[in-house]
Amino acid sequence: VDPGSEAADKGLREGDVILSVNQAPVESAQDVVADVEAAKEKHRDAALLMIARGDSRSFVAVPFHVG
């Protein structure tokens with residue numbers, strides 16, 4: 001996680017495991033990238049990530065800038 005990124009600002013940190021993007025399960029980093037790009041193409045303002053940190057699960061909305 002880039003320290004200056006929107007994801008870091010929203011609380012994502014190294015070691016978090018992304019389980020889904022916009023409620024679609026992901027199995028690889030490539031899946032995450034593809035789902036975020038698909039959201040951008042649909043002119044969405046953010047991606048909703050479900051993350052695992054240790055034994056807990058939480059949702060984080062990560063905004064991005066289309067352009």
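H43 counts as exposed, at 63% relative accessibility. This residue sits in the loop between α2 and β3, and its phi is positive, about 65°, although H43 is not a glycine. Keep in mind that this is a predicted model. Below is a quick tour of the sheet, the helix on it, the core, the loops and the charged pairs.

**The sheet**
- Picture an open sheet of 4 strands, running in the order β2-β1-β3-β4 with antiparallel pairing. The edges belong to β2 (24-25) and β4, which have a single partner strand each, so one side of each has no neighbour in the sheet.
- Inside the sheet, β1 (residues 17-21) pairs with β3 in the antiparallel sense over 4 bridges. One spot to look at is I18, whose bridge partner in β3 is I51.
- As for what strands do in general, they pair through backbone hydrogen bonds, either parallel or antiparallel.
- Strand β3 (residues 46-53) also pairs with β4 (residues 56-63), again antiparallel, over 8 bridges. Here M50 stands opposite F59 in β4.
- The hairpin of β3 and β4 has 2 residues between the strands, and G54 takes a positive phi near 65° there.

**The helix and the core**
- Going back to that bridge, I18 is partnered with I51 in β3. Helix α2 (residues 29-41) packs on the sheet and touches β1, β2 and β3, with its direction at about 40° to that of β1.
- The largest nonpolar core holds 13 residues, and the ones touching the most other members are L12, V21, V36, A47 and L49. Each of α2, β3 and β4 supplies at least two residues of this core.
- Leaving aside residues up to four places away in sequence, A47 touches V21, N22, V36, V60, A61, V62 and F64.

**Another loop residue with positive phi**
- Q23 lies in the loop between β1 and β2. Its phi is positive too, about 70°, and Q23 is not a glycine either.
- Buried or exposed? Q23 is exposed, with a relative accessible area of 68%.

**Ahead of α1**
- S5 is found in the segment before α1 (6-9). With a relative accessible area of 18%, S5 falls under the 20% cut-off and so is buried.

**Charged pairs**
- How many salt bridges does a search of the whole structure find? There are 2.
- One of them joins the side chains of R53 and D16, at 2.7 Å from N to O. R53 lies in strand β3 and D16 in the loop between α1 and β1, so this pair ties together parts that are 37 residues apart in sequence.
- On accessibility, R53 is partly exposed at 29%, while D16 is buried at 17%.
- K40 and E37 also form a salt bridge, with their closest N and O atoms 3.8 Å apart. Both residues lie in helix α2, 3 residues apart, which is about one turn of the helix.
- K40 is partly exposed, with a relative accessible area of 26%, and E37 is partly exposed at 37%.

Definitions and conventions:
Residues are numbered from 1 along each chain as its sequence is written. This is a predicted model: local features need pLDDT of at least 70, side-chain atom pairs count only at pLDDT 80 or more; totals for chains, interfaces and linings use all residues. Side-chain values use heavy atoms; hydrogens and water are left out. Buried means under 20% relative accessible area, exposed over 50%, partly exposed in between (1.4 Å probe, protein chains only). Two strands pair if DSSP finds at least two bridges between them. Contact means heavy atoms within 4.5 Å. Axes are lines fitted to C-alpha atoms, for helices over the stretch in contact, and angles run from 0 to 180 degrees between N-to-C directions. A nonpolar core is a set of buried Ala, Val, Leu, Ile, Met, Phe, Trp, Tyr and Cys residues joined through side-chain atoms within 4.5 Å. A salt bridge is a side-chain nitrogen of Lys or Arg within 4 Å of a carboxyl oxygen of Asp or Glu.
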